[in-house]
Amino acid sequence: GGRGGNRREDAEIEKLFESSKNATGINFDKYEDIPVEVVPGHDKLGVDAIQTFQDDLNLAGPVMDNIERAGYSKPTPVQKHALPILCANFDIMACA
């Protein structure tokens, strides 16, 4: 595993995520056209929205490990805009 735990811990973590992996049945491809308002805008904040969790966010290893374990491949519309802002050390308030 990514956290340097022992094999038993890694197996237990994998088992936890197994039952919920993509269990929502939500097709996030349908969410591409949902508008998200960012105030102040990305230009003023100096960040860009992301399209994947692998975009240059430098998320901590355990966070990325858990995103992969959960089977998430695309961020939600709010995550696309919020994660880069948070990673740039700005505060956010989001409503979805």
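Predicted model: local features only at pLDDT ≥ 70, side-chain atom pairs only at ≥ 80, totals over all residues.
Colleague: Which residues of α1 are buried, then?

Modeller: In α1 the buried residues are D10, I13 and F17. The general idea to hold in mind is that an α-helix has 3.6 residues a turn, so residues three or four places apart point the same way. In this structure, the buried residues of α1 fall within an arc of 65 degrees when one looks down the axis, so they line one face of the helix. That face packs against α3, which covers residues 61-69, while R7, R8, K15, L16 and E18 are exposed on the other side of α1. E14, also found in helix α1, counts as partly exposed, at 39% relative accessibility. Its C-alpha is 9.3 Å from that of N66, although E14 and N66 are 52 residues apart in sequence.

Colleague: How many residues does α1 have, and what span does it reach?

Modeller: Helix α1 runs over residues 7-18, which makes 12 residues, and from its first C-alpha to its last it reaches 16 Å, close to the 16 Å expected at 1.5 Å a residue.

Colleague: How many helices and strands does the protein chain have?

Modeller: The chain comes to four helices and zero strands, and its elements run α-α-α-α from the N terminus on.

Colleague: Which residues make up the largest nonpolar core?

Modeller: The largest nonpolar core has six residues, namely I50, F53, L57, M64, I67 and L83. If we follow I67 and leave aside its neighbours within four places in sequence, we find it in contact with F53, L59 and Y72.

Colleague: Which residues of α4 are buried, and against which helix do they pack?

Modeller: The buried residues of α4 are P77, K80, H81, A82, L83, P84 and I85, and they pack against α2. K80 deserves a separate look: it is buried, with a relative accessible area of 9%, and, not counting residues up to four places away in sequence, K80 touches E32, A49, I50, Q51 and P75.

Colleague: Where does P75 lie, and is it buried or exposed?

Modeller: P75 lies in the loop between α3 and α4, and at 3% relative accessibility P75 counts as buried. Beyond residues up to four places away in sequence, P75 touches I50, Q51, T52, F53 and K80. P75 and Y31 are 44 residues apart in sequence, and their C-alpha atoms are 10.0 Å apart in space.

Colleague: How should I read the backbone angles?

Modeller: The general idea is that most residues other than glycine have a negative phi, and most peptide bonds are trans. Here, N58 has a positive phi of about 55 degrees although it is not a glycine; N58 sits in the loop between α2 and α3 and counts as exposed, at 76% relative accessibility. Just after α4, N89 takes a positive phi of about 70 degrees, and at 71% relative accessibility N89 counts as exposed. The peptide bond from V39 to P40 is cis, with omega near -10 degrees, and P40 is placed in the loop between α1 and α2.

Colleague: What is the volume of the largest pocket, and which residues are the closest to its centre?

Modeller: In general, rolling a probe the size of a water molecule over the atoms shows where empty space is left. In this model the largest pocket holds about 480 Å³ of space. Of the 23 residues that line the largest pocket, V36, E37, V78, M93 and A94 are the closest to its centre. Helix α4, residues 77-87, gives the largest share of that lining, with five residues.

Conventions: Residues numbered from 1 in each chain as written. Heavy atoms only, no water. Helix = DSSP H or I, 4+ residues; strand = E, 2+ residues; numbered from the N terminus. Expected span 1.5 Å × (residues − 1). Buried < 20%, exposed > 50% of the residue type's maximum accessible area, 1.4 Å probe, protein only. Arc of directions from axis to C-beta. Contact = heavy atoms within 4.5 Å. Core = buried A, V, L, I, M, F, W, Y, C linked by side-chain atoms within 4.5 Å. 1 Å grid on protein atoms, 1.4 Å probe; cavity = no way out; pocket = protein on both sides within 12 Å on 5 of 7 lines; lining within 4 Å. Points joined across faces, edges and corners; volume = space filled by probe spheres on them.
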